[in-house]
Amino acid sequence: MIHALPLATVLATGWSTPAGAQVRIAALMGVTGSSALVTDEIFETIKVTPALAPTFFLSASIPVATKLRASLDLSYGSSTLNVTEGGQDGGDIGSLGAFTASAALAGPLVSRFDWRLSVGLLKYSASEETGIFAGGVPTAALFGAGLDWRQPLSERWTGIIGARYDLHLFSTPALEAAGFGGSTQVSRVGLAVGAAWELP
């Protein structure tokens, strides 16, 4: 989380908001895929992986410098949690929700494409607080990057196709009690479509 402090400080105090700055609200709907939360090998490789999760993204941003915007981003997605043993489907073990809150910086890249970098927090919520989720799941630091393609629709509305990538570490008290010594590095990739509105 220490690495998140410089960007968070910049977002809070680094620039003054330009006079007459417009707030931009963006809402997108898409899906998020995740790598395995847990991988274990006994006789066969066992993996616990969230299925593709329908995900809602919401963002509010303001310009903080020439061609640079700062935003607060929220997202929520939920899907089944699947187990595979030796590459074979072992069924699902309930559902898993993922809520994120991030601070981000974004700016133009080329043509209609914008880049974005973010730091924030991720919180999982399992429908069944048993097994690896017994005792809950700690909030994890989240580091992300993204790419948006924008198409103006009117004076205030813009269509968006967005791609998101983020990275966090996963562990739970139950896993630690069972002897898992380290955290799993989890990557998530999302693709979404939506629109942004410039407030008057």
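1. A pocket, on a 1 Å grid over the protein atoms alone, is an open set of points with protein on both sides within 12 Å along at least five of seven lines, and its lining residues have an atom within 4 Å of a point. Here the largest pocket is lined by 40 residues, and Ser-59, Asp-73, Ala-104, Arg-116 and Arg-164 lie nearest its centre.

2. A word on the source: this is a predicted model, where local features need pLDDT of at least 70 and side-chain atom pairs count only at pLDDT 80 or more, while totals for chains, interfaces and linings use all residues. Residues are numbered from 1 along each chain as its sequence is written, and side-chain values use heavy atoms, with hydrogens and water left out.

3. Back to the largest pocket: its space comes to about 540 Å³, a volume being the space filled by probe spheres set on the grid points, which are joined across faces, edges and corners. Its lining has 17 nonpolar residues (Ala, Val, Leu, Ile, Met, Phe, Trp, Tyr, Cys and Pro), 11 charged (Asp, Glu, Lys and Arg) and 12 polar (the others, Gly among them).

4. A cavity is a set of points where a 1.4 Å probe fits but cannot get out, and the structure holds 1 cavity of 30 Å³ or more. The largest cavity has a volume of about 130 Å³. Thr-32, Pro-50, Ala-53, Ala-98 and Arg-188 lie nearest its centre, among 16 lining residues.

5. Which strand gives the most to the lining of the largest cavity? Strand 5 does, with 5 residues; strands are DSSP runs (E, at least two residues), numbered from the N terminus.

Definitions and conventions: Helix = DSSP H or I, 4+ residues; strand = E, 2+ residues; numbered from the N terminus.
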